[in-house]
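Open the model alongside this text.

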Amino acid sequence: MKLTEKLGVVVFLVAVYVLVPALIALSGRWDFFYTLTSVALLSIASAGVWLTFYIGRINIGQGAYALVGGYVSAILMTKAGLNFWITLPLAGLFCAGLSVLIGLPILRLRGVYFAMVTLVLTEVARLSALALHITNGAKGITSIPLPGKVALFGITIIPDFSTLANPKLAFYIMAVTLMVVSFAALWRIVNSRLGHLCRSLQQNEELASSIGVNTAYLRVLAYAISSFFGGIAGAGFVIISQSIYPSSFQVTDSVNFMLNCFLGGLSFVFGPMLGTLLLYFGWDLLFSTGKYQMLIYSSLLILAMLVLPNGLLSVSFSRRKGVGK
């Protein structure tokens, strides 16, 4: 990592951990913590979608894994009495294992066929949540306990959220930390040998296979990591809302996860983070336009993709390379 990139990371961390909380505290708008918590969790799910784009596949089913991960975490907390911090990785691992079973047959499909199959996954997950007894059907699961205390050698590492005077800040720190760790892991994957092999799939699968790359293994592995991100994002939403319903994640959410990647930039690891932030606040800013909200929103998205097909981050990248001068 270059010096400028390291400096950028430091500035970002100071901004999200110090500057943003301080500004919200000064303004007294504590509701912004919930908004930014949601953005952080949505960006984690979008990061998983970005990884499937990285291997040349269009994933429109991330909402299914967010819903499954949310239910796994909720069931483990309410039925088994486990602490949220234990259910969080378990929800991600369950989704990763489920994606392997689903991905083994459908990842053999090419292009649009894989995308169309993933499109139905979210609806299948929603209907399953409606039908299964353990998910409590349409009533969903409510009264989910807040994250409990985590201690190591008698020293409290994470406090019990129920004892905090203002848990909104704690949820914000939790979500931002999950986001930072997730994108750091994604960046490491992309810049490792595994990432270089995955890039070869995006460029030419037949050529990659001819030189000994196990393309089937890489596709399934990338899809499993993608679904893991979706699972932990869903579990995060469950704990901040303390409830989950079959309608908590729908097909539109899966589409939005994909749009976040397009808007931020498919060539940039941190593209989903920027795309999620802009789409989330962009939709809210257009609320005052009333019935024209969706028309303006979709028109701006189409325009952005036509003018900047490589995403908004490509503007900064092109300037550094001297493009367009």
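Contact here means heavy atoms within 4.5 Å. This is a predicted model: local features need pLDDT of at least 70, side-chain atom pairs count only at pLDDT 80 or more, and totals for chains, interfaces and linings use all residues. Residues are numbered from 1 along each chain as its sequence is written, and side-chain values use heavy atoms, with hydrogens and water left out.

Start with Pro147. Helices (H or I, at least four residues) and strands (E, at least two) are DSSP runs, numbered from the N terminus. Pro147 sits in the loop between helix 5 (111-131) and strand 1 (150-152). Which residues does Pro147 contact, leaving aside its neighbours within four places in sequence? They are Asn83, Phe84, Trp85, Pro159, Asp160, Phe161, Phe171 and Ile239. Take Pro159 from that list. It is 12 residues from Pro147 along the chain, and the two C-alpha atoms are separated by 8.4 Å. Is Pro147 buried or exposed? Buried means under 20% relative accessible area, exposed over 50%, and partly exposed in between (1.4 Å probe, protein chains only). Pro147 has 0% relative accessibility, so it counts as buried.

Two other loop residues make a contrast. Ser143 is also in the loop between helix 5 and strand 1. Its relative accessible area is 66%, so Ser143 is exposed. Its phi is near 55°, a positive value in a residue other than glycine. Phe153 lies in the loop between strand 1 and strand 2 (155-158). Phi of Phe153 is near 55°, again positive in a residue other than glycine. At 79% relative accessibility, Phe153 counts as exposed.

Phe84 leads on to helix 3. It is a contact of Pro147, and it also touches Ser73. Ser73 belongs to helix 3 (residues 62-78). Beyond its neighbours within four places in sequence, Ser73 contacts Phe84, Thr87, Ala91 and Ala235. Ser73 is buried, with a relative accessible area of 0%. The expected span of a helix is 1.5 Å times one less than its number of residues. For the 17 residues of helix 3 that gives 24 Å, and the end C-alpha atoms are 24 Å apart, which agrees.

Ala125 is in helix 5. Not counting residues up to four places away in sequence, it touches Ala64, Leu67 and Val68. An α-helix has 3.6 residues a turn, so residues three or four places apart point the same way. At 13% relative accessibility, Ala125 counts as buried. Val9 is elsewhere: Ala125 and Val9 are 116 residues apart in sequence and 37 Å apart in space, C-alpha to C-alpha.

Now look at a helix pair. The axes of helix 1 (residues 3-27) and helix 6 (residues 167-190) come within 11 Å and cross at roughly 170°. Axes are lines fitted to C-alpha atoms, for helices over the stretch in contact, and angles run from 0 to 180 degrees between N-to-C directions. Angles under 35 degrees count as roughly parallel, over 145 as roughly antiparallel, 65 to 115 as roughly perpendicular and the rest as oblique. Helix 1 and helix 6 are therefore roughly antiparallel to each other. On helix 1, the contact includes Phe12, Leu13 and Val16. On helix 6, it includes Leu169, Tyr172 and Ile173.

Leu197 is in helix 7 (residues 193-203). At 23% relative accessibility, Leu197 counts as partly exposed. Leaving aside neighbours within four places in sequence, Leu197 contacts Val213 and Leu218. Leu197 and Leu218 are 21 residues apart along the chain, with their C-alpha atoms separated by 7.9 Å.

Finish with the cysteines. How many disulfides does a search of the whole structure find? The search finds zero, where a disulfide is a pair of cysteine sulfur atoms within 2.5 Å. Cys198 counts as buried at 3% relative accessibility, and Cys261 counts as buried at 0%.
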